[in-house]
Amino acid sequence: MVKEEVKILVLIIGAGPAGLATSACLNRLKIPNIVVEREDCSASLWKTRSYDRLSLHLAKQFCQLPHMPFPSNTPTFVSKLGFISYLDEYVTRFNVNPRYNRKVKSAHFKDSRWIVEVDSETKMSTEVYSAEYVVAATGENSEGVIPEIPGLVERFKGEYLHSSEYKNGDNFSGKDVLVVGCGNSGMEIAYELSKCSAKVSIVVRSPVHVLTRSIVRIGMSLLSFLPVKLVDRLCLLLAELRFGNTSRYGLVRPKNGPFMNKLITGRSPTIDVGCVGEIKSGKVQVVPSIKRIEGKRVEFIDGKTKHIDSIVFATGYKSSVSKWLKVDDGDLFNENGMPKREFPCHWKGKNGLYSVGFGRQGLAGISRDAQNIAIDIASLVCRRNKNKMY
């Protein structure tokens, strides 16, 4: 392969909302930057790897990117297509121009610069970027995770897929479907499958807070001026009034309240779109963790078994940073490709290395990270330029 060398001040890896926001903030400050993206479009998680009925689970004011609020006539909870349209407008307004079909092979720090090797699928060549600053914007949701389960790969006679491959429930009517995971994706997919006449079971492996969109919106608004424990008490009271005792149906709540639990574990409460009602009616059955699979028979850790035609794994994602970042001191990221330091100190490392979208704070966290990084880089560039004058 031919190697093409590119010298740039800031290289941003990833063109999801995190990379787009960082580039936009840098552009406003007239800081030269390049965004490289492995897929053929920006925001690929939203455009190509999400189910049809997906929408923003938080109110729009908690999901907007820097310097561009949603229009006043936008619904409080933005649809998938609405958010994609917003992102496309964002790219245009702030003149963000990602380079697509670029897969990062390696990044290392040498002689005061970052050397990043990138395979360009369109050019059939390797590009070598030499940058003063590198921003890892691939985020927490880079690669889908399917857990290792005895018999899944070797002996399961049905079909299985990650939630990133699931689009809708049209092809599952009449089938016995097992959804693994009770986060937002898992509960929403289970609800849709039930409405599409599938016979649905959902694996709930650990305690979970289930709230409504309105309760979460109230809680997030109150957190601006009330202690988190007080907000949690109010939200749990509202949840009790809305759902009753969910533990009766297999949805046991964690010991800590929903927002305290988010601070401690990084796990957000699940926002119900109707699945709790399906569980209460018996249309969706709650089951424990899977022990093993044989043919189309799934055995659970309580010894019970079920015939299953299809499995949808709503088991989350993982970071891909550790595959390409070659840094000996491991200052910013751990071996799992996640920041070593907790929010809000997670976004800046040594030698001009930054991370955006790794703070488990959703789109609001991405917005804060992007602005912090742009301001920090601008101040460093300004200080360097002043030193050159004297």
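**Exercise 1.** Determine which elements the buried residues of α6 pack against.

*Solution.* The model is predicted; local features require pLDDT of at least 70 and side-chain atom pairs pLDDT 80 or more, while totals for chains, interfaces and linings use all residues. Residues are numbered from 1 along each chain as its sequence is written, and side-chain values use heavy atoms, without hydrogens and water.

Step 1. Helix α6 spans residues 213-222, with I215, V216, G219 and L222 buried (under 20% relative accessible area, 1.4 Å probe, protein chains only). Helices are DSSP runs of H or I with at least four residues, and strands are runs of E with at least two, numbered from the N terminus.

Step 2. Viewed down the axis of α6, the buried residues lie within an arc of 130°, so they line one face of the helix; the arc is that of the directions from the helix axis to the C-beta atoms.

Step 3. These residues pack against β10 (210-211), α7 (228-243), α8 (258-265) and β11 (270-271), contact meaning heavy atoms within 4.5 Å.

**Exercise 2.** Identify the buried residues of α8 and elements that cover them.

*Solution.* Step 1. P258, F259, M260, N261 and K262 are buried in α8.

Step 2. Their cover includes β10, α6 and α7.

Step 3. Just after α8, G266 adopts a positive phi of about 80°.

**Exercise 3.** Describe the surroundings of N33.

*Solution.* Step 1. N33 belongs to strand β2 (residues 33-36) and is buried, at a relative accessible area of 15%.

Step 2. Apart from neighbours within four places in sequence, N33 contacts I8, V10, I12, S23, L26 and N27.

Terms used: Buried < 20%, exposed > 50% of the residue type's maximum accessible area, 1.4 Å probe, protein only.
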